[in-house]
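Dear colleague,

Please find below the structure that I am handing over to you. My notes on it follow.

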Amino acid sequence: MTTPTNQKILEITSLKKYYGSAPNQTKALNGITFQVLSGEFLGIMGSSGSGKSTLLNCIATVTSPTEGHIYIHQKDLSTLKGSALSDYRGKEIGYLFQNFELLDNLTAEENILLPLSIHGISEKQARQRLISLADYLEITEILHQFPSQLSGGQKQRVAAARAFILNPKLILADEPTGALDSKNAKTLMKKLSVLNQEQKTTILMVTHDSNAASFCSRILFIQDGIIFHELRRNIPEETKQQFYQRILHVMAQLGGGSANVL
């Protein structure tokens, strides 16, 4: 597991996101504060409706918070406009979706390279990065196939390559194993874990899956829009299985959990 540096890549301060108005107001996020260090693999867990995906969408600038601030390398996201906002969305973060979000009329290769063409990366650079990622994610043989010809695991690895192709500073993963069977989920998490450890890629992953979360170095548990608990993996003394058991214990307190063991 990567040992994060002391450099903050992401800082969330007093973040609130409310929907509707009183007395029927929903407080999806109700004052969340935390930091993510460069090279960290941070998990966000909680039951359905706890605010996990809302938090990720605020960081991705898909939605705007009601109050509070989000800083990437000390830049306040609320100040980004126009090309600066476009660069942030395209180059500084990569987004890995639960349901892949691949374009059906493009091949796997074209889906992966799409962010590069949008942001003006040279064909030579694109090709080198594609070859490297495809080899690592074991998708070289399927690059010329369309999404309809791929299995769920293959689609998610193609989506992972697309998320990583621009070498973003931060990967946002929203339930990345949610549409996968246990075998493909384990394969994906191992791939993400190695990228985190060897390339020092910072990953922020929202998940309800205790198995997937056991690959993280730290986990924040959200309940009713606030941080309920925090777990850190004891490295190197603690095994992944031991960390998994601690995660299950907290999830049981939250009213959730997982019966599957990788």
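Which residues of helix α3 (residues 108-118) are buried? In this predicted model, the buried residues of α3 are Ala108, Glu109, Asn111, Ile112, Leu113, Pro115 and Leu116. Their cover includes two further helices, α4 (123-137) and α5 (152-164).

Helix α3 also takes part in the largest pocket, where it gives the most to the lining, with four residues. The space in the largest pocket amounts to about 530 Å³. It is lined by 20 residues, of which Arg89, Gly90, Ile93, Tyr95 and Pro115 are the closest to its centre. At least two lining residues come from each of α2 (82-92), β6 (93-96), α3 and α5. Sorted by class, the lining comprises 13 nonpolar, four polar and three charged residues.

I turn next to the sheet. Six strands make up an open sheet with mixed pairing, in the order β6-β7-β8-β3-β9-β10. Strands β6 and β10 (226-232) are its edges, each pairing on one side only. From one strand to the next, the twist averages 20°. Within the sheet, β7 (residues 170-174) and β8 (residues 202-206) run parallel and are joined by five bridges; Leu172 stands opposite Leu204 in β8.

Two helices that pack on this sheet deserve mention. Helix α1 (residues 52-59) touches β3 (41-45), β6, β7, β8 and β9 (218-223), and its direction makes about 150° with that of β7. Helix α5 touches β6 and β7, with its direction at about 170° to that of β6.

Yours sincerely

Notes: Residues are numbered from 1 along each chain as its sequence is written. This is a predicted model: local features need pLDDT of at least 70, side-chain atom pairs count only at pLDDT 80 or more; totals for chains, interfaces and linings use all residues. Side-chain values use heavy atoms; hydrogens and water are left out. Buried means under 20% relative accessible area, exposed over 50%, partly exposed in between (1.4 Å probe, protein chains only). Contact means heavy atoms within 4.5 Å. On a 1 Å grid over the protein atoms alone, a cavity is a set of points where a 1.4 Å probe fits but cannot get out, and a pocket is an open set with protein on both sides within 12 Å along at least five of seven lines; lining residues have an atom within 4 Å of a point. Grid points are joined across faces, edges and corners, and a volume is the space filled by probe spheres set on the points. Ala, Val, Leu, Ile, Met, Phe, Trp, Tyr, Cys and Pro count as nonpolar, Asp, Glu, Lys and Arg as charged, and the others, Gly among them, as polar. Two strands pair if DSSP finds at least two bridges between them. Axes are lines fitted to C-alpha atoms, for helices over the stretch in contact, and angles run from 0 to 180 degrees between N-to-C directions.
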